[in-house]
Amino acid sequence: MRQDKNVSRRARRISGRSSAESAADAFVSRWIRRALASDPPRARSLIVTVWGDALAPHGGTVWLAGLIRLMAPFGMNERLVRTSVFRLVRDGWLGAQSRGRRSRYRLTREGARRFDQAHHRIYTPPNPDWDGDWEVVLAPPDTAGPAARLNLRDELAWEGFGTLAAGAYARPLHGDSALPRIVSALRLESRITVLRAKDDPSLGGASLAARVGTAWDLAALAADYRRFLARFGGVIDTFRAAGAENGDPGQCFIVRTLLIHAFRRVLLRDPQLPSALLPLDWPGAAAFALCRDFYRLTHKRAEMHLAATLSPDGDPLPPANPEFYSRFGGLD
């Protein structure tokens, strides 16, 4: 028995992993298998997450072979990756470049613009400051055709506008307004009405702030945030207990990718209202903090995995841009 224990200790020293670290690795491996089996991500959507979260900070260019290796731990085979990339090229997200029988893909200008928009939403700490101003958009049915009104509604929803009534949208104004870009892109400058407003209780009517519960489905969004916290809280506690320097690089990358993918799915439906308009127990802040803490804990190890996975293609991974290190308020 003693000899068996000595052999076990020598094996752990040779492997460089303690028994506690090995147990943590095994727990995380089981969690990853269960997570992928219970809620398998759509291939195209997960590749978009990987591109925005991991590849874009390094220039947004990758050889197809490297991307296939990178996606393999998520259960994606070569054919599925190729098909998903083809569709991203077709939809204008990616551009292709061939070198012999090899293919390299990069973000298009439009793809980079879309990632930049999402980047600000996902990685920038919420701004609690709000002076009470609202942006209001009035687009009655006779101002544009059904397709144009649908595009307007979708663009406004992306920017956090809620629906007050048919053709009437509003959001609290904080930061730069997106309306000039939206109105110009959809060519609706002379066909809709845009204004700024502020609640005035002396006028006797219901305030815009009182319409929050009907303009946005905050209850459903809060439930999604709580499910997100329950799903990832335990596995992230395991990484915390092991320490930043002990995480397996591959596991750090996989869990970070699944974390950001799930967070993105909830967050991009969040209007990110000022705290003055949210319930006191709003779980969005806890979800952001969970992502921030895990990112800070594991980004160095995850970057090690990314570099090692892509290095066989012959091109060293370019350094991450400064915006990467400013994510979640700063990584170091």
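Glu159 counts as buried because its relative accessibility is 16%; buried means under 20% relative accessible area, exposed means over 50%, and partly exposed lies in between, with a 1.4 Å probe and protein chains only. Glu159 forms a salt bridge with Arg181, and the closest N and O atoms are 2.7 Å apart. A salt bridge is here a side-chain nitrogen of Lys or Arg within 4 Å of a carboxyl oxygen of Asp or Glu. Glu159 lies in the loop between helix H7 (146–158) and strand S5 (162–165), while Arg181 lies in helix H8 (residues 179–186), so the pair ties together parts that are 22 residues apart in sequence. Helices (H or I, at least four residues) and strands (E, at least two) are DSSP runs, numbered from the N terminus. Arg181 is partly exposed, with a relative accessible area of 33%.

The model is a predicted one, in which local features need pLDDT of at least 70 and side-chain atom pairs count only at pLDDT 80 or more, whereas totals for chains, interfaces and linings use all residues. Residues are numbered from 1 along each chain as its sequence is written, and side-chain values use heavy atoms, with hydrogens and water left out.

The protein chain as a whole comes next. Its secondary structure comes to 13 helices and 7 strands, and its C-alpha trace spans about 85 × 50 × 35 Å along the principal axes. Of the 332 residues in the protein chain, 46% are buried. Among the contacts in the protein chain with a separation of 6 or more, 78% are between residues 24 or more positions apart; contact means heavy atoms within 4.5 Å.

The protein chain is divided into domain 1 (43–109), domain 2 (133–198) and domain 3 (217–329), with bounds that come from an automatic or database domain assignment. The centres of domain 2 and domain 3, taken over C-alpha atoms, are separated by 31 Å. Their contact takes 5 residues from domain 2 and 6 residues from domain 3. The size of an interface is often given as the accessible area lost when the parts come together. Between domain 2 and domain 3 the buried area is about 420 Å², and carbon and sulfur atoms give 76% of it; this area is the accessible area (1.4 Å probe) that two parts lose on being put together, summed over both. The count of salt bridges between domain 2 and domain 3 is 0.

An open sheet is formed by 3 strands in the order S1-S3-S2, with antiparallel pairing. The edge strands, strand S1 (61–63) and strand S2 (94–99), each pair on one side only. From one strand to the next, the twist averages 25°. S1 and strand S3 (residues 102–107) pair in the antiparallel sense over 3 bridges; two strands pair if DSSP finds at least two bridges between them. Val62 stands opposite Tyr105 in S3. Helix H4 (residues 64–71) packs on the sheet and touches S1 and S3, and its direction makes about 85° with that of S1. Axes are lines fitted to C-alpha atoms, for helices over the stretch in contact, and angles run from 0 to 180 degrees between N-to-C directions.

Side chains of opposite charge can pair when their charged atoms come close. The structure holds 21 salt bridges. In one of them, the side chains of Arg327 and Asp53 meet at 3.3 Å, N to O. This pair links distant parts of the chain, 274 residues apart: Arg327 is in the segment after helix H13 (322–325), and Asp53 is in helix H3 (residues 43–55). Arg327 and Asp53 are both buried. A network of salt bridges links Asp53, Arg256, Glu303 and Arg327.

Glu110 is partly exposed because its relative accessible area is 31%, and Arg114 counts as partly exposed at 24% relative accessibility.

Two further residues complete the picture. Thr257 lies in helix H11 (residues 249–267) and counts as buried because its relative accessibility is 2%. Leaving out residues up to four places away in sequence, Thr257 touches Leu46, Thr49, Val50 and Phe74. Arg34, in helix H2 (residues 19–38), is partly exposed, with a relative accessible area of 48%.
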